[in-house]
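Please take me through this structure stop by stop. I have it open in a viewer and would like to know what to select next and what is there.

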Amino acid sequence: MTNKTRTKPDSGKRSGSGTHAAPMNDTLLARALTAVRGKKILTHIGLILFGLAMLYPLLWMISSALKPEELIFREQGLIPTSITFENFGAGWNALRHPFGHYFMNSAIITAGAVVGNLLACSLAAYAFARLEFPLKRFWFAVMLGSIMLPLHVVIVPQYILFSELGWINTFYPLIVPKFLATDAFFIFLMVQFIRTLPRDLDEAALIDGAGHWRIFSRIIIPLSMPALATTAIFTFIWTWNDFLSQLIFLTNPDVHTVPVALRTFLDSSGESSWGPMFAISVLSLGPIFGFFLAGQRYLVRGIATTGLK
Amino acid sequence: MTAVQVPPKQALPQAVPVLPDPEHARQSRRKRRREALTALAFLAPWFVGLIVITAGPLLASLYLSFTDYSLLGDHEWVGLDNYTRMFDDPRFVKALTNTAIYVFVSVPLQLSFALALALILDRGVRGLPIYRSIYYLPSLLGSSVAIAILWRKVFGADGLVNDFLGFLGIQGTSWVSNPDTALGTLIVLNVWTFGSPMVIFLAGLRQIPGSYYEAASIDGAGKIRQFFSITLPLLTPIIFFNLILQLINAFQSFTQAYVVSGGNGSPADSTLFYTMYVYERGFNAWQMGYASAMAWVLVLIIASLTAVNFLMSKYWVFYNDK
């Protein structure tokens, strides 16, 4: 919106300087307009070329996944001369389990993490945004501080704890913490959002005798859908991409997730089967790409307000 | 949990001078206590998580960092041994150096790209949402194993980069298996994900009122002058925010180096990152005491870097809200 007002003074100045010579003014204006248009087209060409360069590796991966093995490094163009789906079949069955098994494991963990984050983080966010309690500022600072804590500094004791509980090689270490609101970033995101909601509705409900649970579940949650969507999408993408904690807590191939299985695939077949590996890599990025397309609006708003990755 | 038992101290002095109405004071006290109990109920999962998953392990790892714990068997108090050992450990020094180079080269480059593209896109380019999405996509995919595998091949001996160089008549090497260039490929990968700071810059640019530019151009300020006198100063808080965020992120990056190097920082430890070495010591060599000590040093590094940044910010970050 500001862009329009920002270009105005320029054009105003140009036409203003030549008001006494009307015919001159016309040609000057026309020339200035074509110059502006030419510059704009140049900008677009530059932006498109740059975008293509950025996406080129991805396109190359997709095209390589569709090429017969012997052509991947021989043929340099993006468009395959012959298309095959062999790579997908070969990759799917390359490890002990078909890749569907690993996709299912990833899906279970991701779904659990999304539900856990939505539930636990919204509960905590309501308390921080709407309730008064002793030492509130202190606890809020603790919550913010926990966001910046590197995973590495807690993962060794966590491993010891989870192995005492017999949870290594189960999905619990990856799901249960989410139900305990350990992804504090999303508490912060929702606190920021709930604070922007008008308090009139809560107060009216309070006077009508509604308790905080009712206000939370009937008023705040329905109004917070954008923040919840942002939380869900980012939790999905982060959990789907997560590698370190899955690598540590899931050592048995039966419970491996897609990223860990892909790593095993890379290790076991070395430099030999790039076609199948690319094919599975493309498939593994599919869900993220889907969520990206579906939830762009929420993603952009989420990053803009909180600086999420 | 102790929080609930604390009496609401402010209630009494406020209520007494107005009217000696003990019934009213008691009621409001009761209301407050009820609200605190409600808050406790809402915060219960978070409190449990804080104690069991975050704070407890944090203290435990501090304790372990003074022991030689190895998961099996007992642990023995070794004092500061783990900390002094680090500086005699050439692999630790190598990992710290690699990570520092990675962070201090890739983050400024990444933010420069982000700022430059944001400035170009903010000048009323039509189709802004499409460009924004295209440039943002790598940020979402960049931390995945799949992209790391792709990177290994793009910069491999017969990969995309060498295809391109061959097209220009230049003979390339295998970038990922040459110790001089392997770290560079990871830096390129981090720069590639400039999209998320770019989106933050775009949001910041939109906050600058158009009237500032109008006033400046009436006063005869040119485009360049406007950039240095309006855009850049008003954008410094966002630059600062992005800088802190990306520095913290980059210091902890793990997946990319782990996958591109095949899990061991090869070639010749040139891509051994700090976090990879912590992982290797802790979960491959089971030297959990040593790993905990390194993790605590990482926390100290990140904390002091952030603190220095905040101190320095006084000299270059401009806040318009005064």
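Select Pro267(B), which sits in the loop between helix H13 (255-260) and helix H14 (274-284) of chain B. Helices (H or I, at least four residues) and strands (E, at least two) are DSSP runs, numbered from the N terminus. The peptide bond from Ser266(B) to Pro267(B) is cis, with omega near 0°. Most peptide bonds are trans.

The model is predicted: local features need pLDDT of at least 70, side-chain atom pairs count only at pLDDT 80 or more, and totals for chains, interfaces and linings use all residues. Residues are numbered from 1 along each chain as its sequence is written, while chains are lettered from A and ligands numbered from 1 in the order in which they are written.

Now select the whole of chain B. Its secondary structure comes to 15 helices and zero strands. The radius of gyration of chain B is 27 Å, well over the 20 Å that the globule rule gives for 322 residues, so chain B is more spread out than a compact globule. That radius is taken over C-alpha atoms, and the rule is 2.2 Å times the number of residues to the power 0.38. The C-alpha trace of chain B spans about 95 × 75 × 35 Å along its principal axes.

Colour chain B by domain: domain 1 is 2-64 and domain 2 is 82-316. Such bounds come from an automatic or database domain assignment. The centres of the two domains of chain B, taken over C-alpha atoms, are separated by 42 Å.

Within chain B, select helix H5 (residues 90-121) and helix H10 (residues 195-207), whose axes come within 8 Å and cross at roughly 45°. Axes are lines fitted to C-alpha atoms, for helices over the stretch in contact, and angles run from 0 to 180 degrees between N-to-C directions. H5(B) and H10(B) are therefore oblique to each other; angles under 35 degrees count as roughly parallel, over 145 as roughly antiparallel, 65 to 115 as roughly perpendicular and the rest as oblique. The crossing of H5(B) and H10(B) is right-handed. A crossing is left-handed if the near helix is turned anticlockwise from the far one by less than a right angle, and right-handed if clockwise.

Which residues of H5(B) and H10(B) meet? Among them are Leu111(B) and Ala118(B) in H5(B), and Phe201(B) and Leu205(B) in H10(B). By class, this contact has eleven nonpolar, one polar and no charged residues. Ala, Val, Leu, Ile, Met, Phe, Trp, Tyr, Cys and Pro count as nonpolar, Asp, Glu, Lys and Arg as charged, and the others, Gly among them, as polar.

Next, show both chains. 67 residues of chain A are in contact with 77 residues of chain B; two residues are in contact if their C-beta atoms, placed from the backbone, lie within 7 Å. Helix H14 (residues 274-306) of chain A gives the most to the chain A side, with eleven residues.

Select helix H4 (residues 99-130) of chain A and helix H3 (residues 22-64) of chain B, which pack at an angle of about 140° with their axes 8 Å apart. Their crossing is left-handed. The contact includes Leu123(A) and Tyr126(A) of H4(A), and Phe42(B) and Trp46(B) of H3(B).

Last, select Leu135(A), in the loop between H4 and helix H5 (136-147) of chain A. Leu135(A) has a positive phi of about 60° although it is not a glycine.
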